[in-house]
Amino acid sequence: MHDTILLSLTAIVVLGIAAQWLAWRVKVPAILFLLLIGITLGPAFGLLNPDELFGDLLFPIVSLAVGVILFEGSLTLRFREIQGVSSTIVRMVSLGAVISWGVAATAAHWFVGLDWPIAFLFGALVVVTGPTVIAPLLRIVRPTPRVSKILRWEAIIIDPIGALLAVLVYEFIVTQSQTGAAGLEGVVLPFLELVGLGIVLGVAGGWLLGQVLVRHALPDYLINVTVLAAVLAVFTASNVLAEESGLLAVTVMGIWLANMRGVPLDDILHFKETLSILFISGLFILLAARIDPATLSQVGFGALLVLAAIVFVAQPLKVWLSAIGSGLNWREKTMIAWIGPRGIVAAAVSGLFALKLVEQGLEGAEVIVPLTFIIIVGTVVLASLTARPLARALDIALPEDHGVLIVGANRVTREIAKVLKKHGFRVVMADGNYSEIRQARMDGLETYYGNPVSEAADRKLDLVGIGQMFAMSAQSEVNNLAAVRYRHEFGQSNVFVLQTPQEVAGSDNQRITTQFNARGLFREDVSLGHLFRLVEAGAELFSTRLTESFGYSEYLAHYEGRGELLFGITPNGALRPLSDELSQRPGPGWILIGLYEPSADADRPTGREGAGTPSSGGERLPG
């Protein structure tokens, strides 16, 4: 018996993480593989029965896991970030959420026969899309930056808002069920008391924990486990004082912490995200394994009609009404309306609520999980298979991942970014130095302010259409960490690192170990310091198109001894950093970009197309 339990628990963890890895490799939401594993182990072959495996512990385990997931999601809801996004996104997560909620609830009532309270709970559950399902799809679809930004931010913001809406609807249903009454005194007042207690405990817990963190009252190694203990304590205390109020309390607690000044959340988010991945992987498998084939046949054809109502009615209504006055054209609106996959929060919370409501004997509660899972699978598969062809048909898909992520926004990289932008490449500059980022923004460049290898960058750095990374900051550690982080994102052959002066002239105890090295950017003896010296000597970036009469040999002879050849753009538009060993010799039709000092001879080669404008000022690097 003990061996069976041990084997089952290990299999859940191992298969869950394997599904996450496989999803990362093939760039699709992990939920599809997790549900497939759960259904295979459970209803299909009967190898996993969660109720027998956990017995009475199943309910509290699922409750605590969902509480941690909701807390982690609510930590990402910062009000200042909502203020910074467009009015279209704000309307989508407010007016649009209400529209989706109403349409989904009505469809569930009409087509599946759910009572109105359960139907409204289902509608609240499927309001949420979530970044964990949107991000992989955007990498596949590669829509234009404006479409990508709206979809990505809407998913981030709606995640905790949708969860909070679902919790509130659930609390109302529980209150009505427990009191067995109607009207103001029977339902509304107990509901307000329950919600009020959850909010008060959530705010109090968030404030107290925030004070502990702000005052640095804990050693670093205790911060994450203390936060976890605090979340579990608030969840349990709230449930003891008012049954089923714990989910609301931890959601409010996370939102409060996210908006407190000075609270160090980066490490906490990293720890909670790791826990959430583990919990989500296990929950999806367990909940899918509990699906009763009889309930699937019970929802039957009605579930497909609900799916159709969400895809063809709720989504278009939400987007078109939210986008009034936004300047979006009909193609962009159509693309945004078509991509609406449901995911993590919907599956996890639906499983918990179904368990609780079935225990209380509410009719129709057992249908919530299979119906929600059908909507999740339907929306994810539909978007995965059709979104890219639709984006191409609407002419809003980027042709290929030919954009560039540049780590470091110094004087040299800004000049390079401006020239690449002129040649039609999307360039994103990432740096933790605000003065450098501010200058890049003033130059009209797309930027990300922050550490490019942070958890925040994983969530917010928009890499749609980006296919290469050039690490060119003055910090060798940042460059090489970025290479390790993004080599799996873009492929090892598309990640390049420019040497810093210390790496060129420093001793072995100053150089980064070779196991972190990526492909070298430019010639072997070229460093960032060398490029800075060229710029300070008056060198400019020249773009030169090779012709039959002015070929590669003539180009090298013309610029010999005056600077460095940096990039080549092939006739089909691919960007190639050029080094000592050329895999392909540039020929007619290539555009070569080099950093060269002006010659005494004012004549320019006939193939020259233009030059970047050298900037003034800037820092001087040693070496």
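**Notebook: strands, cores and rings**

I began with the strand pairing: E2 (residues 427-431) and E3 (residues 446-449) run parallel to each other over 4 bridges. Two strands pair here if DSSP finds at least two bridges between them; helices (H or I, at least four residues) and strands (E, at least two) are DSSP runs, numbered from the N terminus. Asp431 has Tyr449 in E3 as its bridge partner. From E2 the chain passes through helix H20 (residues 434-442) to E3, and this β-α-β crossover is right-handed, meaning that with the strands pointing away from the viewer, the path from the first strand over the helix to the second runs clockwise.

A note to myself on the source: this is a predicted model, where local features need pLDDT of at least 70 and side-chain atom pairs count only at pLDDT 80 or more, while totals for chains, interfaces and linings use all residues. Residues are numbered from 1 along each chain as its sequence is written, and side-chain values use heavy atoms, with hydrogens and water left out.

Next I looked up the cores, each a set of buried Ala, Val, Leu, Ile, Met, Phe, Trp, Tyr and Cys residues joined through side-chain atoms within 4.5 Å. Buried means under 20% relative accessible area, exposed over 50%, partly exposed in between (1.4 Å probe, protein chains only). The largest nonpolar core has 100 residues, and Val66, Leu121, Phe353, Leu357, Leu371 and Phe373 touch the most other members. Apart from it lies another core of 35 residues, including Ile437 and Phe496.

I then checked helix H8 (residues 116-125): 7 of its 10 residues are buried, so the rest of the structure largely encloses it. Leu121 and Phe122 are among those buried residues.

On to the rings, which pair if the centres of Phe, Tyr or Trp (its six-membered ring) lie within 6.5 Å; planes under 30 degrees apart count as stacked, over 60 as edge-to-face and the rest as tilted. I found 11 aromatic pairs in the whole structure. Phe522 and Phe567 are edge-to-face, 5.3 Å centre to centre with 80 degrees between the planes. Phe522 sits in the loop between strand E6 (519-520) and helix H24 (528-536) and Phe567 in strand E8 (residues 563-569), so the pair ties together parts 45 residues apart in sequence. Both Phe522 and Phe567 are buried.

Tyr559 and Tyr596 are stacked, at 4.0 Å centre to centre and 15 degrees between the planes. Tyr559 is in helix H25 (residues 552-559) and Tyr596 in strand E10 (residues 591-596), 37 residues apart.
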